[in-house]
Amino acid sequence: MTVTSTHGSHQASNAVDGDADTRWVSQVGTPQSIEVDLQGIYSVSSITINTFSVANGFYVEYWDENNWITLVTEINNKSLIASRILFFTMKIS
């Protein structure tokens with residue numbers, strides 16, 4: 001897993017530890033990113049994104065062995081919705 005930055009004790013590994021009480025936090029500023037390598041091909045049907053402030057925008061992408069493919073685009077977000085569950089049907093490697 002790689003991230004563009006971390007803040008305090010909120011390390012990258014917290015993003016995928018399954019514990020709702022921990023989280024990855026980036027430094028303030030844009031753009032920030034997290035890349036998770038699943039180390040194989042899996043059928044993924046949803047991703048949950050929890051935010052603790054306004055997430056102005058984000059993309060969910062996957063690598064198809066040649067290109068990054070965008071599954072979800074959210075831009076100009078002003079909502080304080082803390083949790084988004086993104087559903088899709090795709091085999092992701």
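The following conversation goes through a predicted protein model, from its overall make-up to a few single residues.

Residues are numbered from 1 along each chain as its sequence is written, and side-chain values use heavy atoms, with hydrogens and water left out. As this is a predicted model, local features need pLDDT of at least 70 and side-chain atom pairs count only at pLDDT 80 or more, while totals for chains, interfaces and linings use all residues.

Colleague: Which element of the protein has the highest mean pLDDT?

Modeller: The term pLDDT stands for the predictor's confidence in each residue, from 0 to 100, and the protein averages 80, with 81% of the residues scoring at least 70. Among the elements, strand E6 (residues 83-92) has the lowest mean, 65. The highest mean, 92, belongs to strand E1 (residues 2-3).

Colleague: What share of the residues of the protein counts as buried?

Modeller: A residue is buried under 20% relative accessible area, exposed over 50%, and partly exposed in between (1.4 Å probe, protein chains only). Of the 93 residues of the protein, the share that counts as buried is 18%.

Colleague: Is Ser5 buried or exposed?

Modeller: Ser5 sits in the loop between E1 and E2, and its side chain makes a polar contact with the side chain of Gln32 at 2.8 Å. A polar contact is a pair of N or O atoms within 3.5 Å; within protein, one must be able to donate a hydrogen and the other to accept it, and residues adjacent in sequence count only if both atoms are side-chain atoms. Beyond its neighbours within four places in sequence, Ser5 is in contact (heavy atoms within 4.5 Å) with residues including Trp24 and Gln32. Because its relative accessibility is 14%, Ser5 counts as buried.

Colleague: Is Leu38 buried or partly exposed?

Modeller: Leu38 is found in the loop between strand E2 (34-35) and strand E3 (42-50). Because its relative accessibility is 32%, Leu38 counts as partly exposed.

Colleague: What is the phi of Gln39?

Modeller: Most residues other than glycine have a negative phi. Gln39, in the loop between E2 and E3, has a positive value although it is a residue other than glycine, and it is exposed, with a relative accessible area of 66%. Its phi is near 60°.

Colleague: Where does Glu65 lie?

Modeller: Glu65 is not a glycine, yet it has a positive phi of about 85°. Glu65 is exposed, with a relative accessible area of 55%. Its place is the loop between strand E4 (58-63) and strand E5 (68-74).

Colleague: How many Å apart in space are Ser46 and Arg84?

Modeller: Ser46 has its place in strand E3 and counts as partly exposed because its relative accessibility is 32%. Ser46 and Arg84 are 38 residues apart in sequence, and their distance in space, C-alpha to C-alpha, is 10.0 Å.

Note on methods. Helix = DSSP H or I, 4+ residues; strand = E, 2+ residues; numbered from the N terminus.
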